[in-house]
Amino acid sequence: MVFSSLEFLFLFLPLFLLVYYLLPLRGKNVFLFLGSLVFYGFGISWNMYYMALIAASVLLNFLAAKGIEHCRRKSRIKNGEEIKGKRSAGERVILILSLCYNFGLLLFFKYAGFFVENIILPIGISFYTFQITSYLIDVYNRKTRAEQDVIRLGSYLTMFPQLIAGPIVTYSEVHKQLRKRKISLVGCNHGLQIFTLGLGFKVLLANQLGNLWEDVQTIGYESISTPLAWLGILAYSLQIYFDFYGYSLMAVGLGKLLGFRIPDNFRQPYMSLSMTEFWRRWHITLGRWFKEYVYIPLGGNRKGKLRQMFNMLAVWLLTGLWHGANWNFIAWGLLLFLVLSIEKAGLLRVLERWKILGHLYMCFLIPVSWALFAITNPAQLRIYMLKLFPFFSGSGVHEAVVFQGDFEKYIGMYGIGLVIGLICCTGLVEKIFIRWRNRFWMSILLLIVFGASVFCMYRGLNDPFLYYRF
């Protein structure tokens, strides 16, 4: 089950909210936990093994966090007075064993594909593993207290608005809301508006632009012209943005319906002047996780330039690997590390000073980097890159089988959608929405967006979210 499905919109969500709003707070948490497990069950076709995995993640990490605090209290009693910053051996052992369990499962399911075929990845395991490990590490670092109620922890980890594809929410962001939250008519209305905006981005933009990328793949990379290759990767760049951004907006909107504040995950990343700025605006919660739990613990930028470069390399290799068990993701992470290193060496100052140059630079770099991300087969990736840059291939790549006029055909079919997508990624739509969201005409416009989205879903013009595979 996905947010952009008729089953979710007209069956699961209305029934869930009807019961949820009638329950007291304790009942709301229980029902949220159970309802989220039902939602997840539909997503994994009720694979009981995968259901057991997420239930075990809740229970074992609940006990591990309580064990860390128990060892801490025991150490205080034994030593008389706690030494600031010092961790007991028991705390360290529990943390290490828990991290080995959490990341061990993630490594097995996600990366065994490097060596063994036919291992199916449990949906959302990357996201809920990062969430629960952030909770455990924060308890160990004394940034938050261990949750004493397993239902509250389960509600945090399995909360269906962000369970499958984020945003990655830290426990400290929602622990107060798990104990006390206010649901108002205004908040619910705002949540429905944000959800509808995200639904429109997903169904009316991402899915339709994704059809152009699918057409390019169907034709075969050998048989497309260079202009169509650029058009295709532009379509993919817009598809992945509105697909993931649309999901994140729907998650934020659903969170408001439930009384939670889920963090924003995007801030118009395609308007960035550099790749450094881009990764402060794209998938913000993932970047924050790697910064707080990998980059800073490794030393960040506090131990000299050479160590900083090593820390950056570690982060971007792990970021690439996080996205999948294919060599192209490693190459993609290395490319980003190289680009960011060059920017830190001095290019960044130039790009920030000359904004037009910065925008042109990103107009080139964004689609090229997404090509490396999108095409998992090394041989096919090479062909596509030579199509993008034919001057590197000498006489060209299979020029004899290129269909003449392919660019004109597909620009005619998808040109309007591409223009709308380019306008929408500037942030103009969000500015209009924020300024006039309380106007009657905005409600009518969002109702039209909702109706058009439902019509497309009814006609079968819908695809699963791209980030479900990660």
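Contact here means heavy atoms within 4.5 Å. The model is predicted, so local features need pLDDT of at least 70 and side-chain atom pairs count only at pLDDT 80 or more, while totals for chains, interfaces and linings use all residues. Residues are numbered from 1 along each chain as its sequence is written, and side-chain values use heavy atoms, with hydrogens and water left out.

**Stop 1: P297**

Select P297. It lies in the loop between α11 and α12. Helices are DSSP runs of H or I, at least four residues long, and strands are runs of E, at least two, all numbered from the N terminus. Leaving aside neighbours within four places in sequence, P297 is in contact with K291 and E292. P297 is exposed, at 54% relative accessible area. The classes are buried (under 20% relative accessible area), exposed (over 50%) and partly exposed (in between), with a 1.4 Å probe and protein chains only.

**Stop 2: the largest pocket**

Select W279, R280, G287, K291 and W316. These lie nearest the centre of the largest pocket, among 19 lining residues. On a 1 Å grid over the protein atoms alone, a pocket is an open set of points with protein on both sides within 12 Å along at least five of seven lines; a cavity is a set where a 1.4 Å probe fits but cannot get out; lining residues have an atom within 4 Å of a point. The pocket holds about 630 Å³ of space. Volume is the space filled by probe spheres set on the points, which are joined across faces, edges and corners.

Colour the helices next. α10 (275–281), α11 (284–295), α12 (305–323) and α13 (327–353) each supply at least two lining residues. α11 gives the most, with eight. By type, the pocket lining has nine nonpolar, five polar and five charged residues. Here Ala, Val, Leu, Ile, Met, Phe, Trp, Tyr, Cys and Pro count as nonpolar, Asp, Glu, Lys and Arg as charged, and the others, Gly among them, as polar.

**Stop 3: the largest cavity**

There are three cavities of 30 Å³ or more. For the largest, select L53, S57, Y101, N102, L105, L106, I125, Y128 and T129, which line it. About 60 Å³ of space lies inside. α3 (48–79), α4 (89–111) and α5 (125–140) each supply at least two residues of this lining. The largest share, four residues, comes from α4. Six of the lining residues are nonpolar, three are polar and none is charged.

**Stop 4: the largest nonpolar core**

Select F8, F160, Y270, W282, W370 and Y384. Of the 141 residues in the largest nonpolar core, these touch the most other members. Helix α9 (residues 226–258) gives the most to this core, with 20 residues. Such a core is a set of buried Ala, Val, Leu, Ile, Met, Phe, Trp, Tyr and Cys residues joined through side-chain atoms within 4.5 Å. Centre on F8. Beyond four places in sequence, its contacts are M1, V2, F3, L13, P14, F39, F160, F195 and L254.

**Stop 5: salt bridges**

The whole structure has 11 salt bridges. Each is a side-chain nitrogen of Lys or Arg within 4 Å of a carboxyl oxygen of Asp or Glu.

- Select E91 and R72. Their closest N and O atoms are 3.2 Å apart. E91 lies in helix α4 and R72 in helix α3, so the pair ties together parts 19 residues apart in sequence. E91 is buried at 1% relative accessible area, and R72 is buried at 7%.
- Select R288 and E173. The closest N and O atoms of this salt bridge are 2.7 Å apart. R288 is in helix α11 and E173 in helix α7 (residues 171–179), so the pair ties together parts 115 residues apart in sequence. R288 is partly exposed at 22%, as is E173 at 25%.
- Select R281 and E277. Their side chains meet at 2.9 Å, N to O. Both lie in helix α10, four residues apart, about one turn of the helix.
- Select R26, E147, D149, R152 and R179. A network of salt bridges links them.

**Stop 6: two backbone angles**

Most residues other than glycine have a negative phi. Select W46, in the loop between α2 (25–43) and α3. Its phi is positive, about 55°. W46 is partly exposed, at 38% relative accessible area. Finish at R142, in the loop between α5 and α6 (150–158). R142 has a positive phi of about 65°, and at 26% relative accessibility it is partly exposed.
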